[in-house]
Amino acid sequence: MLYLLVVLIAPYRLICVPATLFVSGNASATVTNIATHEMLFRFGLAADVICGALQAFLVLALYRLLGEVNRRHGIAMLLIGGTLVPALYFFNVLNDAAALLLVHGGGALNALVPAQRTALAMLFLHLHGQTVSAAEALWGLWLFPLALLVLRSGFLPRLFGYGLILNGLAYVIQSLAWALLPDWEDTLSSVLGPLQFVEVLFMLWLLAMGARRGFRRQHDDAPAPAGA
């Protein structure tokens, strides 16, 4: 359920807010839309905060399920997916919060003329998008230890392990393209985008099927090693 909530909520700020409020090539119209439909924009802030918290608890739940399979891989998953990914969610909220402050003006911001505030607001909105592109590296990296845990678990389909590796590679490649080959970013996103649905399929499997209970019961009832 945690995984499902992340999948459902995350696209709101990533897709719905830009599609609804942002006008390509028109900073003034974008700022006007944000001021007019402020609550829609604020829902985007809330979505990022909620997703950051959900991601942390999601990875904790996955660690509880898979951590005993391989402790080293489990800790890597916990560090990257449960700490660094949520941290970027929370950090990126500040870019939107700064843009909203500039849209409203007031206080010390009155020292800036409206055109300057609009330009700065667009800068922070642009930084939000740039942070998302950078964060894709972490979105991909945390899937690698998760994939290895799935492959070694014995109670989850190995096919998902291989699929999650491809899913992680897709995210990492897209992030590197943003950093090194920006002209290729859109093309690679179109080509690699379908691989990102592996994570959604994995989430649906966990939600509908879960782990094989027989294995878990047998694993939990196994006698402790001598000297433990």
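## Helix 1: span and bend

Helix 1 covers residues 2-21, and its 20 residues reach 28 Å from the first C-alpha to the last, close to the 28 Å expected at 1.5 Å a residue. The model described here is predicted. Along its course, helix 1 bends by about 40° at tyrosine 12.

Six positions are named as buried in helix 1: Tyr3, Leu4, Val6, Arg13, Val17 and Leu21. An α-helix has 3.6 residues a turn, so residues three or four places apart point the same way.

The buried residues of helix 1 pack against several other helices. Their partners are helix 2 (27-36), helix 3 (38-66), helix 4 (71-104), helix 5, helix 6 and helix 9 (197-208).

## Helices 5 and 6

Two of these partners, helix 5 and helix 6, also meet each other. Helix 5 spans residues 114-141 and helix 6 spans residues 143-153; their axes come within 5 Å and cross at roughly 15°. Angles under 35 degrees count as roughly parallel, and helix 5 and helix 6 are therefore roughly parallel to each other.

On the helix 5 side, the contact is made by Trp139, Gly140 and Leu141, while helix 6 contributes Leu143, Phe144 and Pro145. By class, the residues of this contact between helix 5 and helix 6 comprise five nonpolar, one polar and no charged.

## Helices 7 and 8

Helix 7 (residues 158-180) packs with helix 8 (residues 185-192) at an angle of about 170°, the two axes lying 9 Å apart. Since angles over 145 degrees count as roughly antiparallel, helix 7 is roughly antiparallel to helix 8.

Helix 7 takes part in the contact through Ala170, Ile173, Gln174, Ala177 and Trp178, and helix 8 through Glu185, Leu188, Ser189 and Leu192. The contact of helix 7 with helix 8 holds six nonpolar residues, two polar residues and one charged residue.

## Alanine 177

Alanine 177 lies in helix 7 and is one of the residues that form the contact with helix 8. Its relative accessible area is 4%; because buried means under 20% relative accessible area, alanine 177 is classed as buried.

With residues up to four places away in sequence not counted, alanine 177 touches Pro182, Glu185 and Leu188. The C-alpha atoms of alanine 177 and threonine 187 are separated by 9.8 Å, the two residues being ten residues apart along the chain.

Conventions. Residues numbered from 1 in each chain as written. Predicted model: local features only at pLDDT ≥ 70, side-chain atom pairs only at ≥ 80, totals over all residues. Heavy atoms only, no water. Axes fitted to C-alpha atoms, helices over the stretch in contact; angles between N-to-C directions. Helix = DSSP H or I, 4+ residues; strand = E, 2+ residues; numbered from the N terminus. Parallel < 35°, antiparallel > 145°, perpendicular 65-115°, else oblique. Contact = heavy atoms within 4.5 Å. Nonpolar A, V, L, I, M, F, W, Y, C, P; charged D, E, K, R; others polar. Expected span 1.5 Å × (residues − 1). Bend = angle between axes of the 7 residues up to and from the residue. Buried < 20%, exposed > 50% of the residue type's maximum accessible area, 1.4 Å probe, protein only.
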